[in-house]
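Keep the sequence and the 3D view open as you work, and try each task before you read its solution.

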Amino acid sequence: MSLTNCRFYEEKYPEVDSYVMVNVKQIAEMGAYVKLLEYDNIDGMILLSELSRRRIRSIQKLIRIGRNEVVIVLRVDKEKGYIDLSKRRVSPEDVVKCEERYNKSKAVHSIMRHVAEATQTPLETLYQQIAWPLNRKYGHSHDAFKISITNPDVWNEIEFPNDVVKKELQQYISKKLTPHPTKVRADIEVTCFGYEGIDAVKEALRTAEANNTPENQIKVKLVAPPLYVLTNQSLDKNQGIQMLEAAIENIAAKIKEAGGNCTVKMAPKAVTEQDDAMLQELMDKRERENMEVSGDESESESDEGVPAA
């Protein structure tokens with residue numbers, strides 16, 4: 001048994017009418033020779049007549065060496081090892097479903113290979129004792145792996161080869177599959193030239209943090225009056241954006257009561273570390289400018305004794 005090679009699924013061959021992911025290895029007069037990526041790279045063939053519904057003018061435009069393709073299984077001769085495949089009978093919807101399953105299987109395979117190498121356990125042993133039983137129970141072992149992060153009961157019926165394998169697998173799943181929060185940000189200008197002035201601005205901004213929960217928190221930062229930044233970290237990007245949109249509506253309604261105004265300079269969106277760095281740079285620049293101004297004022301003799309506005 002190999003430490004690094006094994007098919008993704010329990011069945012040695014795919015079933016007729018199932019969709020599989022293949023990699024194109026060679027193009028010949030009869031059609032295209034391919035490897036079935038989910039079945040330990042066993043050989044298959046897409047006949048020329050099964051490449052396209054249209055008249056084939058150039059086979060190279062339809063299929064290229066090195067490219068992955070979603071195909072449907074037409075025939076399987078287990079004795080001779082022949083697998084006939086079709087590309088022309090695959091719909092766009094079938095492609096999406098197959099790619100989704102393949103990506104999940106590939107992620108599982110990556111985890112299993114790591115554990116096999118780290119614990120010197122044959123890969124097929126890990127599949128037989130862990131991944132394939134989870135496929136049967138949960139539909140896909142990738143789904144079971146994700147559930148196991150918060151619910152260790154997933155492992156109750158699994159017979160691990162040893163405790164070292166169990167520990168390595170659990171730690172690696174936690175590292176690879178634990179979801180990371182997305183940072184969402186919005187930039188707004190809040191002004192109020194009415195009687196309440198800065199107090200009205202502060203009161204309006206407080207409404208943004210009024211509905212904070214331990215899981216979802218909005219923070220308000222001052223860049224330089226009247227520019228403020230709202231941020232939120234959420235596992236669900238769309239939920240984070242919706243929270244900021246609601247917060248901006250609350251701020252706008254509150255400041256309007258005092259005769260002020262709220263202008264969105266950047267609508268809520270997911271931001272990168274680079275965006276954060278640029279914002280920090282801007283805030284540092286404004287802070288330096290403010291320090292220079294206050295320094296000049298304190299050294300100015302003409303300003304001495306002038307009461308604060």
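The exercises below go through charged pairs and then one threonine.

Before you start, note that this is a predicted model, in which local features need pLDDT of at least 70, side-chain atom pairs count only at pLDDT 80 or more, and totals for chains, interfaces and linings use all residues. Residues are numbered from 1 along each chain as its sequence is written, and side-chain values use heavy atoms, with hydrogens and water left out.

**Exercise 1.** Find the partner of E50 in a salt bridge and say where the two residues sit.

*Solution.* 
- Step 1: Start from the definition: a side-chain nitrogen of Lys or Arg lies within 4 Å of a carboxyl oxygen of Asp or Glu. A search of the whole structure with this rule gives twelve salt bridges.
- Step 2: E50 pairs with R89, and their closest N and O atoms are 2.7 Å apart.
- Step 3: This pair links distant parts of the chain, 39 residues apart: E50 is in the loop between β3 (42-47) and α1 (59-62), and R89 is in the loop between β5 (82-86) and α2 (92-119). Helices (H or I, at least four residues) and strands (E, at least two) are DSSP runs, numbered from the N terminus.
- Step 4: Now check burial, where buried means under 20% relative accessible area, exposed over 50%, and partly exposed in between (1.4 Å probe, protein chains only). E50 is buried at 7%, whereas R89 is partly exposed at 40%.
- Step 5: Look around the pair, and you will find E50, R88 and R89 linked in a network of salt bridges.

**Exercise 2.** Describe the surroundings of T119.

*Solution.* 
- Step 1: T119 is in helix α2 and is buried, at 15% relative accessible area.
- Step 2: Leaving out residues up to four places away in sequence, T119 touches V164, V165 and E168; contact means heavy atoms within 4.5 Å.
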